[in-house]
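Work through the exercises below with the model open. Each task is followed by its solution.

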Amino acid sequence: MLVFAPKYKKKVEGTYMRNRDLSFWLFLAPVLIGLGLVVILPLLYGTFYSFTDWNGLTASTFIGLDNYIRLFSDTQFLNSLWFTIKISVVTVILLNFFGLALALIVTRKLKSSNFLRTIFFMPNLIGGLILGFIWQFIFVSVFDDIGKLFGIEGLQGWLSTTNTGFWGLVILTVWQMAGYIMIIYIAYLQNIPNELIEAAKIDGANSFQRFKNITFPLVAPAFTVCMFLTLSTSFKMYDQNLSLTNGGPYESTQMVAMEIVKTAFSANEMAYGQAKAVVFFIIVAIISLTQVYYNKKREVDM
Amino acid sequence: MKRKTYIGEILALLLGLVWLSPFYLMIVNAFKSKKEIFMDVLGLPEGFETSNFVEAFIDLDFVNSLMNSVIVTGVSIAVIVFFSSMAGYALARNKSKLSSVILLVFVGAMLIPFQSVMIPLVSLFGKVEMLNQAGLIFMYLGFGSSLSIFLYHGAMTGISTSLDEAAIIDGANKFQTFRHIIFPLLKPISMTVGILNVIWIWNDYLLPSLVLGENNATIPLKMFYFFGQYTKQWHLALAGLTIAIIPVIIFYFFAQKQIIAGVSEGAVK
């Protein structure tokens, strides 16, 4: 053993895993193969196919940019893109409002703080598909009944129009995700030193002033995180869309993700669906990269 | 001052009740007959129709779908935790440029939305006859490993290299070092990785809908078929939804602290 000890010692002092070590690659092999076959290869394949007329079965011919040209004059696609943008913007604003509000409520020294945290977070654990079905019942049956009972016309016929479908999706998403955003804000709120708040109290600042001048500026970084997080999540929404409105009435509440699924697997236009998917990827990537950029910038500023 | 906190407490609890009201409406109406729902959706049920649940339980083939969900989620989590921790370890213990590039590729892959790769993915896996449970689990490894490796890599910085050193001097090979020394120390982050992946894999609908047949449908998939059958029969649909949620509530009840801590850790990073 002693003979070998110096050799090991040397290895240990350098790096444990070197590029030429077989073990380094063996440790990485499963995930590299996984990522390669599940994400990278399909992405390359898909980008290539988006320039053809592939339908999933027969051999395909190269048609250049035709799919992309068609896509930008496809009113159905453009409508769904516009609808997705509108949903995302409204959802992002409301989610951050509710997320922060809930975080402020449960970080006050209430007896029920932990219990409330549990409740607000709960919808997050249940899938969007199931929650969408529950809310379908609420919008279609419960809203209707309450509307009839009190003679409120605005509560009747929900999900049967584009507008109520839109707000239905917004309410569902905000209710589902606010607890998640709340958790992020709580993490930031708890980093605020208590002495600051106490000092402000002694100086006679009321609770609104304390929020405006201490809490808000110190929680501001969380806004960037939450804003982009909610933006990319609501942009990619599918399950809730499927179970709540299924795109109806007349495909007017169809978001981009569902549009891609339907083009590819209902209309069997694989290549055209993939062209939509590539555009979708570019948009989501831009959103996410902007987030990374802002986060890095913020870290530097701090 | 005291009165003010009292009012605050009550208002907060009221908001909590509003937040729970969708579940209340689901449960009370699941116990009503079709006619009763038509008459009154808000009130408590008169006769507690447990037959709704029996029928929904049978139609959902619940034992079977629960087993399918448990198998797919359970095996996927085991595979993700095991392989991602190995990769996170290897990447953290190699300080070369190549190692950072590989990590960057995994992190970068998180930017790719599922819908952008699903069409060729399903087509490719279909060609090699892998549209089944095993194929689905492999796909979850591909989609789930990025964030997991990132979290493990971050956690590795807190584990001193002197531990590896000691193990190697004692004659352990690299896998033994990892398995017996490093992996146990990564337990807290393994919890986080496990929880974050359970939440999305258990609830995932779109991928199983493209990969699995009706025979080995998971709960969300079965729920979708089931709901399609009972669109106008809310009493059955709601009973089915209630049943489908029960496993999640049980999980939440027992692991609530870990879940909230895990989600918070995963989100802030």
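Domain bounds here come from an automatic or database domain assignment. The model is predicted.

**Exercise 1. Find the domains of chain A and state how far apart their centres lie.**

Step 1. Take the bounds. Domain 1 of chain A covers 15-49, and domain 2 covers 66-301.
Step 2. Take the centres over C-alpha atoms. Those of domain 1 of chain A and domain 2 of chain A are 33 Å apart.

**Exercise 2. Describe the side of chain A that touches chain B.**

Step 1. Count residues in contact, with C-beta atoms within 7 Å. Chain A gives 71 residues and chain B gives 72.
Step 2. Assign them to elements. Those of chain A that give two or more residues include α1 (5-13), α5 (113-121) and α12 (270-301).
Step 3. Find the main contributor. α2(A) supplies the largest share of this side, 17 residues.
Step 4. The side of chain A that touches chain B has 51 nonpolar, 13 polar and 7 charged residues.

**Exercise 3. Locate the largest nonpolar core and the residues with the most contacts inside it.**

Step 1. Size the core. The largest nonpolar core has 155 residues.
Step 2. Pick out the residues with the most contacts inside it: I130(A), M182(A) and Y185(A).
Step 3. Trace its source. α7(A) gives the largest share of this core, 14 residues.

**Exercise 4. Which residues of chain B does I130(A) touch?**

Step 1. Leave out residues up to four places away in sequence.
Step 2. Read off the chain B partners of I130(A): P220(B), M223(B), L241(B), A244(B) and I245(B).

Notes: Residues are numbered from 1 along each chain as its sequence is written. Chains are lettered from A and ligands numbered from 1 in the order in which they are written. This is a predicted model: local features need pLDDT of at least 70, side-chain atom pairs count only at pLDDT 80 or more; totals for chains, interfaces and linings use all residues. Two residues are in contact if their C-beta atoms, placed from the backbone, lie within 7 Å. Helices (H or I, at least four residues) and strands (E, at least two) are DSSP runs, numbered from the N terminus. Ala, Val, Leu, Ile, Met, Phe, Trp, Tyr, Cys and Pro count as nonpolar, Asp, Glu, Lys and Arg as charged, and the others, Gly among them, as polar. A nonpolar core is a set of buried Ala, Val, Leu, Ile, Met, Phe, Trp, Tyr and Cys residues joined through C-beta atoms within 7 Å. A residue is buried if 20 or more other C-beta atoms lie within 10 Å of its own, exposed if 12 or fewer, and partly exposed in between; C-beta atoms are placed from the backbone.
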